[in-house]
Amino acid sequence: MAITSANQLELLQTAEAVAREKMIDPGLVVEAMEESLARAAKSRYGAEMDIRVSIDRKTGKATFTRVRTVVDEEELENYQAEFTVDQAKQYLAEPQIGDQYVEEVPPVEMGRIAAQSAKQVILQRVREAERDRQFEEFKDRAGTIINGVVKREEYGNVVVDVGTGEAILRRNEKIGRESYRPNDRIRCYIKDVRREPRGPQIFLSRTAPEFMAALFKMEVPEIYDGIIEIKAVARDPGSRAKIAVISYDNSIDPVGACVGMRGSRVQAVVNELQGEKIDIIPWNEDQPTFLVNALQPAEVTKVVLDEEAERIEVVVPEEQLSLAIGRRGQNVRLASQLTGLDIDIMTEEEESARRQKEFEVRTKLFMDALDVDEFFAQLLVSEGFTNLEEVAYVELDELLVIDGVDEDTAKELQTRARENLEAQAKAALDNARALGVEDSLVEFEGLTPQMIEALAKDDVKTLEDFATCADWELAGGWTTIDGERVKDDGILEPFDMSLEEAQSLVMTARILLGWVDPADLEADETEENEDATAEDSEEQTSEVGA
């Protein structure tokens, strides 16, 4: 194919036709043509030459030029595209390093292979431009609902036509076993929009909790207007869901507004979600109260909240246990997701038995450690003392409130408790040293002898070993495997160590060993604080704008 006057205008017409079809800028298509022609010219004149092609946007005339750049003599590598200052003097009056000499070269005729290569370049650039246009169009629509038409199903993943492009609904984002046929209409939540080298960029979901929240926003005008807010959503897609709502207008019942007249509003959402049953729950700032609401329809007798461990114990009557747990633990699992707390459910009988056992264990502890009789030990437990540390280091006045305890008795109790604790610490340290613990770990501030003994039993015997530990390895945590939460036991978890404390200790060890520069940590903290401040100001700005 030769670039002649007969087909010069045809280039522009082709570019405009392709741009119209793909809804992209015609200039991008022309640039792709220029690149493809330049590639063909290089195959004719030599791959090392810097051949460039410029197509006139009005006439379609293609101009082929060879460019040579002036470089330092020591940096001269490509003799076809570069030359030195001395070599450039015959072409340029006063050549300087970086100057370019441009000369026109004859147009080339494309062979079959060159034409095929040019076609591939153009198609590739057009595809890239199409993907960029699609990304720009949808990047701000993440977090919204979109209606589309099913094009095809590939290995369980559904490809959806969303008007100006394609999106994908993955197998694990579909509700239950729902299936779709080509040309079926589908409503989905845009979960993510991201650039990818190839394939779909728009990822849809029908199982995301946000999908349900967005559906309610469409069906309930009060939510759209901001009078009612959805505070939390927990879903078991296709089966059951719980949604927590709050009203900022005392005259409007949030639950009633979401249910609608004769259940019309909630039924519209249920129908879209393949019959998923929805519990609408009033949100409450008081976590125990909110949890009681979240466990409906089960009745709760008592709630005990442990804020530090983010755990909560719920006591229910024997006949309410199965209802509170739900089929396959569904009710308690959804309530846990809704509140963000780990929930332990027990019957009144189980709680009574557990408390009795704890009472007996603590009574025996005080009897053995303080050398007191059973009655006196029971008095200590009844007053709320749970361990020797509390007896040893509590204010004296708190012991004097116990019947029959005078100042001398209180001091004797504290002396015995401290002596016992010191003996336990010495025994633990001796045992740790016998296991091979080094002084670097023993002298590290923040670890008790009992902690050092526990670390030694887990083969953590030096400060270097300790510094390589992850915070969850020390404090414990939870891991989600196949949708189920699995408990990871921490080495120092029996000593009530939190993740924050574990993280601080490990980082201190790394600083002492010279693995981490404290200045870098301060810089990171400053950056995080600035980011948090910026986010807060953005939220305030958006609230003011709303």
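Trainee: Which is F444, buried or exposed?
Mentor: This is a predicted model, where local features need pLDDT of at least 70, side-chain atom pairs count only at pLDDT 80 or more, and totals for chains, interfaces and linings use all residues. Residues are numbered from 1 along each chain as its sequence is written, and side-chain values use heavy atoms, leaving out hydrogens and water. F444 has a relative accessible area of 6%. Since buried means under 20%, exposed over 50% and partly exposed in between (1.4 Å probe, protein chains only), F444 is buried.

Trainee: Which residue forms an aromatic pair with F444?
Mentor: Rings of Phe, Tyr and Trp (its six-membered ring) pair if their centres lie within 6.5 Å; planes under 30 degrees apart are stacked, over 60 edge-to-face and the rest tilted. Two aromatic pairs are counted by this rule. In the tilted one, the centres are 5.6 Å apart with 50 degrees between the planes, and the partner of F444 is F466.

Trainee: How many residues apart are F444 and F466?
Mentor: F444 sits in the loop between α17 (439-442) and α18, and F466 belongs to helix α19 (residues 463-467). F466 counts as buried too, at 0% relative accessibility. The pair links distant parts of the chain, with a separation of 22 residues.

Trainee: What distance separates the end C-alpha atoms of helix α16?
Mentor: Helices (H or I, at least four residues) and strands (E, at least two) are DSSP runs, numbered from the N terminus. Helix α16 covers residues 407-434, 28 residues in total, so at 1.5 Å a residue it should span 40 Å; the expectation uses one less than the number of residues. In agreement with this, the distance between its end C-alpha atoms is 41 Å.

Trainee: Which elements do the buried residues of α16 pack against?
Mentor: The buried set of α16 includes A410, L413, Q414, N420 and L421. Contact means heavy atoms within 4.5 Å. The packing partners are α12 (348-370), α13 (374-382), α14 (388-393), α15 (396-400) and α18 (449-457).

Trainee: Which residue takes a positive phi just after α16?
Mentor: Look just past the end of α16. There, a phi of about 105 degrees belongs to G436.

Trainee: Which residues does Q320 contact, leaving aside neighbours within four places in sequence?
Mentor: Q320 lies in the loop between β14 (311-316) and α10 (321-325). Its relative accessible area is 14%, so Q320 is buried. Beyond its sequence neighbours, the contacts of Q320 are P297, A298 and E299.

Trainee: Which residue of β12 is the bridge partner of I243?
Mentor: Strand β11 (residues 240-247) runs parallel to β12, and six bridges join the two. The bridge partner of I243 in β12 is I280.

Trainee: What share of the protein chain's residues is buried?
Mentor: The protein chain has 22 helices and 17 strands. Among its buried residues are C188, with a relative accessible area of 1%, and C469, at 7%. Of the 546 residues, the buried share is 38%.

Technical notes:
Two strands pair if DSSP finds at least two bridges between them.
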